[in-house]
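Here are a few exercises to work through with the model open beside you. Try each task before reading its solution.

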Amino acid sequence: MLNTGIVRGFSKLTEEEKRNFIARICNDPTQAEDRLERFLMEDENERSQFLELSENTISSFHTPYGIAPNFLVNAKVYHVPLVIEESSVVAAASHSARFWAERGGFTVKSVTTVKLGHVYFRWFGAPSYIRERWHQLKLFLLERLKKLTINMVRRGGGILSLELLDETLTINNLYKLELKVETINSMGANFVNTCLEDMAEALEMFFTADDDHEEKKCQVAMAILSNYTPECTVTVEASCETDHLKPIAERLPVEVFADKLCLAYQIAHHDPSRAVTHNKGIMNGVDAVLMATGNDYRAAEAAAHAFAARDGQYRALSYCSLSNGVLSIGLTIPMALGTVGGITNLHPLARLSLEILGNPNAKELMGIVASVGLASNFAAVRSLVTTGIQKGHMRLHLSNILNTLNVNNGQREEAELYFSNRKVSFNAVKHFLHEISH
Ligand code: MEV
């Protein structure tokens with residue numbers, strides 16, 4: 001290491017050398033190295049397969065892998081794997097799943113699967129010229145794409161449309177080519193980007209080859225898929241008679257409870273401050289299934305929040321209505337995911353998660369994920385309008401603190417009793433344990 005703190009050639013060190021180097025930064029290098037090693041898999045093959053998913057890997061970071069059983073989606077039961085570190089999400093999703101399973105479950109109302117990508121470029125020639133040549137250019141680009149799309153077409157997907165969009169009112173000289181594709185069971189990022197990069201190259205070539213326009217009038221800015229997928233969405237709904245809400249209404253009369261639920265969803269529709277937290281409760285469930293199945297939860301998050309603001313104001317993604325004594329909840333969320341390719345095939349647990357779900361295709365998985373999102377959201381809102389979320393959270397929070405403090409069974413029982421009606425904090429628990437041991 002240079003005395004500036006900058007390290008050169010870190011990537012060229014062996015895995016062990018990297019671990020050793022980093023451990024030396026820590027207060028107790030021996031303990032740090034030991035810990036980093038302890039979290040690696042024992043099986044050599046699995047370990048290297050796993051570590052090679054990323055770069056400069058020195059250990060693996062474990063996150064709890066839980067199951068939310070009994071999700072009834074389109075009359076089929078799923079026991080859904082969830083990878084999440086936040087306590088109470090799995091328990092809440094499980095309760096909600098069971099509750100709705102006994103009331104007809106979740107129904108997938110619609111699924112769309114169009115993926116988008118763009119080639120952004122500046123055109124410095126006459127605006128009319130590019131319009132005149134567009135038809136010919138489009139045929140040229142599509143013809144070239146055929147060689148890249150053979151396999152996707154064989155699987156039932158491929159190019160859906162290609163359009164030229166004029167963006168010059170926003171940025172001088174800017175145009176974009178918009179490619180819409182169907183990628184069936186793959187998330188399609190590699191496929192879309194490969195097509196777009198081929199188009200970008202072909203676009204410049206097309207105009208360079210043009211006799212009348214030798215100077216570079218066309219300049220490509222970039223070619224990239226869009227993680228905004230407003231035409232790749234799923235809508236799920238669940239409903240029940242208000243009378244059937246009784247078991248979860250705490251002490252509230254069901255009509256009052258149903259009314260408060262609807263009000264909470266209305267608030268989240270109108271108030272962005274609440275909408276963000278409301279949607280976070282949806283993403284608790286969504287991301288956890290995406291993680292467990294090796295899908296790109298960052299893409300899902302980015303798309304979901306952009307979609308939530310599609311009318312110019314950030315709003316709740318889910319909704320709730322009350323009509324003729326029936327309460328209905330629903331969620332429409334963009335979701336570009338895959339059940340083949342990428343990490344879904346490479347990560348041993350992601351593969352197993354899909355197996356646990358009965359090897360769904362992408363559309364089926366979209367329905368499952370959205371149902372988990374809606375269930376998580378409903379569980380959170382239910383708590384908010386009844387007991388508040390702290391009651392449930394605090395039980396798990398106490399358990400986490402007790403685990404951190406390595407208590408024995410007797411101390412645990414005493415602490416659980418003592419804190420059943422008191423505020424839980426790390427210091428309060430520590431103080432209590434100190435008091436009972438003296
Ligand atoms: C916490 O992770 C999620 C909630 O804040 C969601 C919500 O407020 O609806 C409980």
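Keep in mind that this is a predicted model.

**Exercise 1. Work out how domain 1 and domain 2 meet, starting from the contacts between them.**

Step 1: Get the bounds. The domain assignment puts domain 1 at 1-62, while domain 2 comes in two pieces, 80-112 + 239-388.

Step 2: Count the contacts. With heavy atoms within 4.5 Å as the cut-off, four residues of domain 1 touch five residues of domain 2. The C-alpha centres of the two domains are 37 Å apart.

Step 3: Look at the area. Together the two domains bury about 390 Å², and 71% of that is on carbon and sulfur atoms. On the domain 1 side, Q49, F50 and L53 supply 85% of the area buried against domain 2, more than any other three residues.

**Exercise 2. Sort out the polar side of the interface between domain 1 and domain 2.**

Step 1: Check for salt bridges; the count here is zero.

Step 2: Search for polar contacts. One residue pair turns up across the interface, with both partners at pLDDT 80 or more.

Step 3: Classify the residues of domain 1 that touch domain 2: you get two nonpolar, one polar and one charged.

**Exercise 3. Which residues surround the ligand, and how much of its area does the protein bury?**

Step 1: List the surroundings: E86, R274, T277, H278, K280, G281, N284, A380 and L384.

Step 2: Pick out polar side-chain atoms facing ligand oxygens. R274 has one at 2.7 Å, K280 has one at 2.7 Å, and N284 has an N or O atom at 2.9 Å.

Step 3: Finish with area. Alone, the ligand exposes 300 Å², of which the protein buries 87%.

Key:
Residues numbered from 1 in each chain as written. Predicted model: local features only at pLDDT ≥ 70, side-chain atom pairs only at ≥ 80, totals over all residues. Heavy atoms only, no water. Domains from an automatic or database assignment. Buried area = accessible area lost by both parts, 1.4 Å probe. Salt bridge = Lys/Arg side-chain N within 4 Å of Asp/Glu carboxyl O. Polar contact = N/O pair within 3.5 Å; in protein donor to acceptor, adjacent residues only side chain to side chain. Nonpolar A, V, L, I, M, F, W, Y, C, P; charged D, E, K, R; others polar. Near = heavy atom within 4 Å. Areas by Shrake-Rupley, 256 points an atom, 1.4 Å probe, with all protein chains shown as cover.
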